[in-house]
Amino acid sequence: MTGAVAPGRVKRPPSVIGGVLLMGVRALTGGFAILTVVLSWDSFVGTIVVNGEKLARSDPQAAGAVLGWLLAAYGLYLVLYLGLAGLVFTGHNWARVEAMSFASVSILLSFADYALNGAQITLRTSLVSVTIDILILLALSSTQARHYARAARAARAER
């Protein structure tokens, strides 16, 4: 376990700092994906399929609304994920466990897409996100990160 810096304060280990930075990178890549969709709006609206039919052919406004809602929901998720990264940084153990859970679910979804749909894991698809999620898991599951979260909780309880 890392030593205390001052009474009631616990030194933040590099694994937590790295995990939080990786969570920020994960959110940044999501923001880049949103920006890419917005910049190529018409081509992405044309890919929305409902009941086996491209929605843009029958109702282009509805297709745009669906895509807009999806992007807004994903943007909200990214903002909440950044908030979770802040809580991990301040030593909240539940946030650390939640961040590891999100990374695990993301990895499992990529695997399921590969196993069930044959989606290849390449640089153009999900290789970067899977790599970042694995690194987040490694960083936040370390013994130092666990000890830091528990020591930070104890320090908060003393106040």
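Predicted model: local features only at pLDDT ≥ 70, side-chain atom pairs only at ≥ 80, totals over all residues.
Student: Which residue forms a salt bridge with Arg26, and where in the chain do the two lie?

Tutor: Side chains of opposite charge can pair when their charged atoms come close. Here the closest N and O atoms are 2.9 Å apart. The pair links distant parts of the chain, with Arg26 in helix H1 and its partner in helix H6, 107 residues apart. The partner of Arg26 is Asp133.

Student: Is Asp133 buried or exposed?

Tutor: Buried means under 20% relative accessible area. Asp133 has a relative accessible area of 1%, so Asp133 counts as buried. Arg26 has a relative accessible area of 15% and therefore falls in that class too. The class asked for, for Asp133, is buried.

Student: Which helix gives the most residues to the lining of the largest pocket?

Tutor: The largest pocket holds about 710 Å³ of space. Its lining has 26 residues, and those closest to the centre are Thr29, Ala33, Tyr74, Thr125 and Ser129. Two or more lining residues come from each of helices H1 (14–39), H4 (60–89), H5 (93–117) and H6 (127–140). The most, 8 residues, come from H1.

Student: How many charged residues are in the lining of the largest pocket?

Tutor: Asp, Glu, Lys and Arg count as charged. By class, the lining has 14 nonpolar and 9 polar residues. The number of charged residues in the lining is 3.

How values were computed
Residues numbered from 1 in each chain as written. Heavy atoms only, no water. 1 Å grid on protein atoms, 1.4 Å probe; cavity = no way out; pocket = protein on both sides within 12 Å on 5 of 7 lines; lining within 4 Å. Points joined across faces, edges and corners; volume = space filled by probe spheres on them. Helix = DSSP H or I, 4+ residues; strand = E, 2+ residues; numbered from the N terminus. Salt bridge = Lys/Arg side-chain N within 4 Å of Asp/Glu carboxyl O. Buried < 20%, exposed > 50% of the residue type's maximum accessible area, 1.4 Å probe, protein only.
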